[in-house]
Every structure is written in structure tokens, then in C-alpha cells.
Amino acid sequence: MRIVGFWLVCIFALLLSAVSLYDLYMTLTVNRDYLAEFPPEFMEMIEAFPEWRRLLWTTSVFLGVIGAVLLTLRKIMAERVFWATAVTMAAGFVGHDLPFGNGIEAYGTGGIIFSVILIGIQILFALYARWAARHGLIGQTRSSNSGTGNAD
């Protein structure tokens, strides 16, 4: 049963990464149909992002993708990458958006809660990767995993 849960977490991480990539692409390419649902204050904040903030956002999205792929490939490095994802997300959100980007108004209560949940999910992925490593689900070569009984 452990292995089924592992693969479900991997699928969730990959799907979340795909949605994040899609959102990043559609937002940075200013796709009007996609962005029509966002509040004007939020769009103004994103359009006013300094380049370092766009880079931080892009970095956090790609780190999330890399973390999900590493977890799926059963690589021990997944934990560190998920921690880096959470840190870069929090740095942008707490370090720029809320205090300098008019983020409280732009995000609104729902957006703030959603952003905190997304950061929390990355932390949970990191903690799960640590747990999976301790239980032999990641970090071992395929040959050492076969026949160990960890596939329950």
C-alpha cells in the first residue's frame, strides 16, 4: 500500500507542476482569455513586477517541476528541491508581493489563503520526500529496491 500512496503523491506533484507551468506561461505571455478571470488589482501587481520578481516566480515554478520529476524518479535530491521551491515561493510572496506589491489588496483574502496553501503543499512534498527516503521508497538504486519487500 505504501507504494500506491507514493505514486499518488508523485502524480499529484506532477499535475500541480503542470498547472503551475501553464499558469506561468499564460500569465507571462499575457493571454487575455486566460487572464480575464483575474481581478484587475492582481493583474496590475503582476504587470508591475520587477524583473527579479518574475525570475523568482519562474524559478519557483521550475524548481517545483524538477522536484516532482526527482520524486517520481525516486531521487533523494527531491527533498532539497521541494524546500528550495517553498523558500522561493515564500520569498516572492512575503518578501515582495505583500509588503511592496500591494499584495494584500491584489490577492484578496482568497488569494492569500491559496498562496499560503501552495507554499504549504511544497513543504509537505519536502517532508514526504524525507519520509519516503527514510522508508526506502526513494534514494536507492533499482537493483537494491527489488526484492526488499518495500513494494507493499
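Let's start with a handy term: a residue is buried if its relative accessible area is under 20%, exposed if over 50%, and partly exposed in between (1.4 Å probe, protein chains only). At 7% relative accessibility, Gln122 therefore counts as buried. This is a predicted model, where local features need pLDDT of at least 70 and side-chain atom pairs count only at pLDDT 80 or more, while totals for chains, interfaces and linings use all residues. Residues are numbered from 1 along each chain as its sequence is written, and side-chain values use heavy atoms, with hydrogens and water left out.

**A pair of helices**
- Helices here are DSSP runs (H or I, at least four residues), numbered from the N terminus.
- The axes of helix H5 (residues 78-100) and helix H6 (residues 103-134) come within 8 Å and cross at roughly 165 degrees.
- That crossing makes H5 roughly antiparallel to H6 (the label for angles over 145 degrees).

**The largest nonpolar core**
- A nonpolar core is a set of buried Ala, Val, Leu, Ile, Met, Phe, Trp, Tyr and Cys residues joined through side-chain atoms within 4.5 Å.
- The largest one has 20 residues, and Phe6, Leu71 and Phe82 touch the most other members.
- H6 gives this core its largest share, six residues.

**Around Gln122**
- Gln122 sits in helix H6.
- Leaving aside neighbours within four places in sequence, Gln122 is in contact (heavy atoms within 4.5 Å) with Leu16, Gly64, Phe82, Thr85, Ala86 and Met89.

Definitions and conventions:
Axes fitted to C-alpha atoms, helices over the stretch in contact; angles between N-to-C directions. Helix = DSSP H or I, 4+ residues; strand = E, 2+ residues; numbered from the N terminus. Parallel < 35°, antiparallel > 145°, perpendicular 65-115°, else oblique.
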